[in-house]
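Student: Hi, I'm new to this one, so please walk me through it.
Tutor: Happy to, and here it is.

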Amino acid sequence: MNQWLLVAFFFIVGLIIPVGAIGVAAILGPKKPNPVKQETYECGLETVGDSWVQFKAQYYIFALVFLIFDVETVFLFPWAVRLGQLGLFAVIEGIVFIAILIAGLVYTWRKGMLEWA
Amino acid sequence: MDFLKDPLKLAADWLIGLMTGWGMPEGVATGVAAFLGIFVLIAILMVIDIFLVWLERKVVARFQDRIGPNRLGPFGLIQPFADIIKLLIKEDITPANADKVVYNLAPMLSMMSVLILWAIIPLAPNILGVDLNVAALYIVATGAIGTLSIIMAGWSSNNKFALLGAFRQVAVMVSFEIPMVASLLIPTILSGSMGMNAITRAQYPLPFFILSPLAALIFLIAAIAELGRAPFDMGEAESELISGYNVEYSGMKFGMFYAGELLHAFTFGGFWGILFFGGYGLFGLEKLPALAFLDNVYINMLTLIVKAVIGYWIIMWVKYTMMRIRIDHMLAFNWKFLTPLSFALLIVTALVHALAKDASPWVYGLSMFLSNLVLGWIVVEFLRRYSRAEREKVEGPAKPAMEAAGH
């Protein structure tokens, strides 16, 4: 049997359980909505303005740095699996690759992108 | 005796035989049997999850010198069932400004991202969902679904607390994914495979926490940050953001976030056990002739569950001992310390592996352990000098102890 079909089954069952629980709760629970109850919660104050606003750019920069690293480290997995058969030359090549990654980190660091400014 | 060796296969064969007897094609019958098996596994997980709620409440109470739930049933064991009934009959309040579709989808995805992790966990050599050969990548991929559910919850609630919490949480989660991936690479190098079963088997005779204690430590820290638990719980900092990304959720939807978080912690305790502590193996004890009776499916399952509970307990211990860290300190800790350290560890491990792979397992293990020890010592020494220099910047040069005491 195909492995990924089983993974798909896990996805389906993994969705059925929470959907079922939330569905049962929706049937059993009382439904008495009113405008005050449905207000945005802000410790009793009326909320001012929309919350879908501009946010700190630093979050975006961290996400960008993460993206570079994450994509690059995924390349390391095939290398790590076959490390035993590859011999010393390929190991050195992998280390050069990691060194380039670290150089990228040092560059980001020197540019001050890792500071919470 | 067959039932003792491979109960899952026996049950599946019986079920498939039954369904083909009804005139079902064999392919469909296999599929239905697999679906039912997965359903049973996940149902058992949900029952475990219910007891995790009790365990968490009881353990936090003991840490804080309280008694915890003790009214319903012996030791308050029935308390979590009462909690579930309460969650089921609570009114589900959706804020009027929320984005309804995304708002309702987020708790389901949060729970799903945890449940699908159990597809690759080997409870025993034959009792596992799928023996994927890319299981290490699968862990990272499902983690991304959890991240997605948090940003969905925070954004769709249309609440400033929720949005702030979600941004912080996601920044921490994506940052700590780098050391986590790097520490997942270490067992991959040591075992030569990404499959969980192969990694478990490769830990005989030496489990990987002996070969690479630093990697085990980095994985634990990164896992705690991925879970968003204290000291990395900036996303739901109660004292400033009330409850962070799930502040607008109530009833069973909140329950899904809560139960998902507990099960996630338990699951990562299990992964810690699988990747570094030999999974379902008993550290080679079951291979001894005198203890051969331990080499059976039920003992294997029990071993992994016990290891997962111990891992979960350590995660709880950290949570209730450490204070919350400020977000810039947290991200600096990751990017300026943990990430360089994990890459340095990766280089050292790859080099030692290339040089010592043909030696006997004990020489190989010893050189791995010593290289980890040396790297750890260098890091501690560097940190000591750095923090002394930082302290001298504030306090002036350190005085000898005699002079400071006034002599």
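Student: Let me start with a detail: is the crossing of α3(B) and α4(B) left-handed or right-handed?
Tutor: α3(B) and α4(B) cross in a right-handed way. (A crossing is left-handed when the near helix is turned anticlockwise from the far one by less than a right angle, and right-handed when clockwise.) Before we go on, note that this model is predicted: local features need pLDDT of at least 70, side-chain atom pairs count only at pLDDT 80 or more, and totals for chains, interfaces and linings use all residues. Residues are numbered from 1 along each chain as its sequence is written, while chains are lettered from A and ligands numbered from 1 in the order in which they are written.

Student: Okay, and at what angle do those two helices pack?
Tutor: Helix α3 (residues 26-63) of chain B packs on helix α4 (residues 79-88) of chain B at about 110°, and their axes are 8 Å apart. (Axes are lines fitted to C-alpha atoms, for helices over the stretch in contact; angles run from 0 to 180 degrees between N-to-C directions.) So α3(B) and α4(B) are roughly perpendicular to each other. (That label covers 65 to 115 degrees; under 35 is roughly parallel, over 145 roughly antiparallel, and the rest oblique.)

Student: Which residues make that contact?
Tutor: From α3(B) you have I50(B), F51(B), V53(B) and W54(B). α4(B) brings Q79(B), P80(B), F81(B), D83(B) and I84(B). (Contact puts the C-beta atoms, placed from the backbone, within 7 Å.) By class, the α3(B) contact with α4(B) has seven nonpolar, one polar and one charged residues. (Ala, Val, Leu, Ile, Met, Phe, Trp, Tyr, Cys and Pro are nonpolar; Asp, Glu, Lys and Arg are charged; the others, Gly among them, are polar.)

Student: Let's zoom out. How many helices and strands does chain B have?
Tutor: Chain B has 16 helices and zero strands. (Both are DSSP runs numbered from the N terminus: helices are H or I with at least four residues, strands E with at least two.) Its C-alpha trace spans about 90 × 65 × 40 Å along the principal axes.

Student: What about α10(B) and α12(B), at what angle do they pack?
Tutor: α10(B) packs against helix α12 (residues 251-276) of chain B at about 165°, with the two axes 10 Å apart. That makes the pair α10(B) and α12(B) roughly antiparallel. Their crossing is right-handed.

Student: Who meets whom there?
Tutor: On the α10(B) side are A216(B), F219(B), L220(B), A223(B) and L227(B). They meet residues of α12(B), including H264(B), F268(B) and W272(B). The contact of α10(B) with α12(B) has 10 nonpolar, one polar and one charged residues.

Student: And how do α7(B) and α14(B) cross?
Tutor: Helix α7 (residues 160-191) of chain B and helix α14 (residues 327-356) of chain B cross at roughly 10°, and their axes come within 9 Å. That makes α7(B) and α14(B) roughly parallel. The crossing of α7(B) and α14(B) is left-handed. Their contact divides into 18 nonpolar residues, seven polar and one charged.

Student: Switching to chain A, what is in it?
Tutor: Chain A has four helices and zero strands, running α-α-α-α from the N terminus on. Its C-alpha atoms fill a box of roughly 70 × 55 × 15 Å, taken along the principal axes.

Student: How many residues of chain A are in contact with chain B?
Tutor: 56 residues of chain A are in contact with 70 residues of chain B. The elements of chain A that give two or more residues to this side are α1 (3-28), α2 (57-81), α3 (83-86) and α4 (88-110). The most come from α1(A), with 18 residues. By class, the chain A side has 41 nonpolar, nine polar and six charged residues.

Student: What scores does the model have?
Tutor: It scores ipTM 0.88 and pTM 0.89. Chain B has a mean pLDDT of 85, and 96% of its residues reach 70 or more. (pLDDT is the predictor's confidence in each residue, from 0 to 100.)

Student: Which element of chain B has the lowest mean pLDDT, and which the highest?
Tutor: Among the elements of chain B, helix α1 (residues 2-5) has the lowest, 55, and helix α10 (residues 213-227) the highest, 91. Where pLDDT is low, the predicted coordinates should not be read in detail.

How values were computed
Contact = placed C-beta atoms within 7 Å.
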